[in-house]
Amino acid sequence: MGGQRDHLKWTRGRLQLTLAAALFGGIAALLTEVRPLRDKPEERWYNGRAPAGSVKTPAGRRTAGAEPLNPE
């Protein structure tokens with residue numbers, strides 16, 4: 001009877017470890033999804049793109065020898 005008891009004890013232990021790992025993984029996945037919703041990294045990216053675009057266009061036209069954007 002001791003062998004069966006040991007087998008059940010080890011099986012129960014493996015099941016508990018599996019459930020703990022699944023719970024930890026679920027919490028980690030949830031945290032990685034919540035942070036971008038809170039920090040809004042795409043908003044920072046868009047805010048940085050507008051100044052970069054306004055600098056890049058005139059510089060590129062000057063480099064290519066094209067006419068200025070706003071001739072005076």
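Visitor: What does the secondary structure of the protein come to?

Guide: Two helices and zero strands. Keep in mind that this is a predicted model.

Visitor: What makes R35 and D39 a salt bridge?

Guide: Their side chains meet at 3.1 Å, N to O. The cut-off is within 4 Å, so the pair qualifies. Both residues lie in helix 1 (residues 2-39), four residues apart, which is about one turn of the helix.

Visitor: And why is D39 with R38 called a salt bridge?

Guide: Here the closest N and O atoms are 3.4 Å apart. That is also within 4 Å, so this one counts too. By this rule the count comes to two salt bridges, and R35, R38 and D39 are linked in a network.

Visitor: Why is R35 called exposed, but D39 partly exposed?

Guide: Exposed means over 50% relative accessible area, and R35 has 54%, so R35 makes it. D39 has 32%, which falls between the 20% and 50% limits, so D39 is partly exposed. R38, at 60%, is over the 50% mark and therefore exposed.

Visitor: What makes W45 and Y46 an aromatic pair, and why edge-to-face?

Guide: The ring centres are 5.1 Å apart, and the limit is within 6.5 Å, so they pair. The planes sit at 70°, and over 60 counts as edge-to-face, so that's the label. A search of the whole structure finds one aromatic pair, and both W45 and Y46 are exposed.

Visitor: How much of the protein is made up of buried residues?

Guide: Buried residues make up 0% of the 72 residues. The accessible surface comes to about 6,800 Å², with 63% belonging to carbon and sulfur atoms.

Technical notes. Residues are numbered from 1 along each chain as its sequence is written. This is a predicted model: local features need pLDDT of at least 70, side-chain atom pairs count only at pLDDT 80 or more; totals for chains, interfaces and linings use all residues. Side-chain values use heavy atoms; hydrogens and water are left out. Rings of Phe, Tyr and Trp (its six-membered ring) pair if their centres lie within 6.5 Å; planes under 30 degrees apart count as stacked, over 60 as edge-to-face and the rest as tilted. Buried means under 20% relative accessible area, exposed over 50%, partly exposed in between (1.4 Å probe, protein chains only). Accessible areas come from the Shrake-Rupley method with a 1.4 Å probe; for residues, only the protein chains shown count as cover.
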